[in-house]
Amino acid sequence: MTVALGFVGSLAICLSTVVPGGRVVFYVGIAAFVWAWLRLRTCARRQILIAIGVWAVPLLAPLPLLSQDLYIYLAQGAIAHAGLDPYTVGPSGLDSPLTDRVSWVWENTPSPYGPLFILLMKSVVAVTGPNVFVAAFVTKLVIASGLVLLCAALPGLARHLGGTPEQALWIGAANPLVLVHLVGGPHNDLLMIAFLAAGTLLVLDRKHVAGIAVVALAMGIKVTAAIVLPFLVWVWAARVKRWGFPTAAGIGAGVTVAVFGLCTLAAGVDLGWLGALGGNSLLIHWLSVPTGVGELFGIIPAARVGGWALLAVIVGWLWWRSRSGSSRAVSGAAWALLATVLLSAVTMPWYFTWPLVLAAGFAFPPAIVAGISLWLVVINYPNGDTGLYNWWWVLLTAAAGVFVWWRVKREYA
């Protein structure tokens, strides 16, 4: 019954993009999906995995949910496939059906994504051609492959970090924040966090070189993953009797450069993504703490600079506290990712999956995380616009989050 209810909710969410009264259908679907997710919390691992797979299937439909980033991905793949540089050429620089649906906001914005993701999207376009719906469907399949890897890695992380496989899967993969945003969206963050989870697990399993290499692949999707690498160096260093840190840091750096360099060569690009990292800074969302403070006092640029400075201090402090390695370093990495989400110039709701994927392996009362997860799903309108500046909507969606918090807290107790 639980799996079927979640499937009906997922199907309704998908159908909301094409049927009349789609907004009502969307929220009915969300309600059914979330109710099924709450019921799933006490189920066995096998049933949770079945539910994740069944619920994900309708979300693979070619139309995007809660975001239009899918069309940006297609445009960047088309640009790379045409032999142009996606790190200097925006979607307006190529006349193609795959660039036509990009919002005017991003028409002249180069890609901020790593070379591995450019290679993947270039390959998708090479296979599908300019057919938007086919390319969108294949892109969703490619991104959803990260869900499979994530489900494979989370139980192992729980084994090392003290949590249970069931809770790790429930909060880290079955979560509507992951399925609706990252699969239905879709967002390449799913590939990044999947590689992060798998790489961290390999390092904890003493397969240090392979683990660092997989996290370097995560960097090849989004450079944010680089934040985790120095913390994993502590895990490795703690296991080396002599010259632990220099050995782990030196080999780790070499592996990272080699893997990232191979991805760059294979994609046929350079390091131009460095100059495009701030491309989304034109967005003004108070979900970013510095941007919110800057809006309040009319000093957004200065507040963002302050946010970056504070982030550097916090991440440095967390890293130094993690030098004993093991689970303490993974915890430090999770907190560092959370600080990155909150203090970056722009924060999108699905960015909170970055710390979530590592935190999911620990034992903790999940009520607060569950409530916030739901709020982050519904704070955006179905068309992808943010509801953060509609205060009635903020309060209404926060009430829904409080209900989920109360429900999970009551059952957890």
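Residues are numbered from 1 along each chain as its sequence is written, and side-chain values rest on heavy atoms, with hydrogens and water left out. Because the model is predicted, local features require pLDDT of at least 70 and side-chain atom pairs count only at pLDDT 80 or more, whereas totals for chains, interfaces and linings use all residues.

Threonine 386 is placed in the loop between helix 18 (367-378) and helix 19 (391-412), helices being DSSP runs of H or I with at least four residues, numbered from the N terminus. With a relative accessible area of 23%, threonine 386 is partly exposed, a class lying between buried (under 20%) and exposed (over 50%), for a 1.4 Å probe and protein chains only. When residues up to four places away in sequence are not counted, threonine 386 touches His285, Ile379, Asn380 and Tyr381, contact meaning heavy atoms within 4.5 Å. The side chain of threonine 386 also reaches the backbone nitrogen of leucine 388 at 3.1 Å. By contrast, 37 Å separates the C-alpha atoms of threonine 386 and arginine 321, which are 65 residues apart along the chain.

Helix 19 gives the most, with four residues. Phenylalanine 403, located in helix 19, is partly exposed at 39% relative accessibility.

Terms used:
Helices (H or I, at least four residues) and strands (E, at least two) are DSSP runs, numbered from the N terminus. A polar contact is a pair of N or O atoms within 3.5 Å; within protein, one must be able to donate a hydrogen and the other to accept it, and residues adjacent in sequence count only if both atoms are side-chain atoms.
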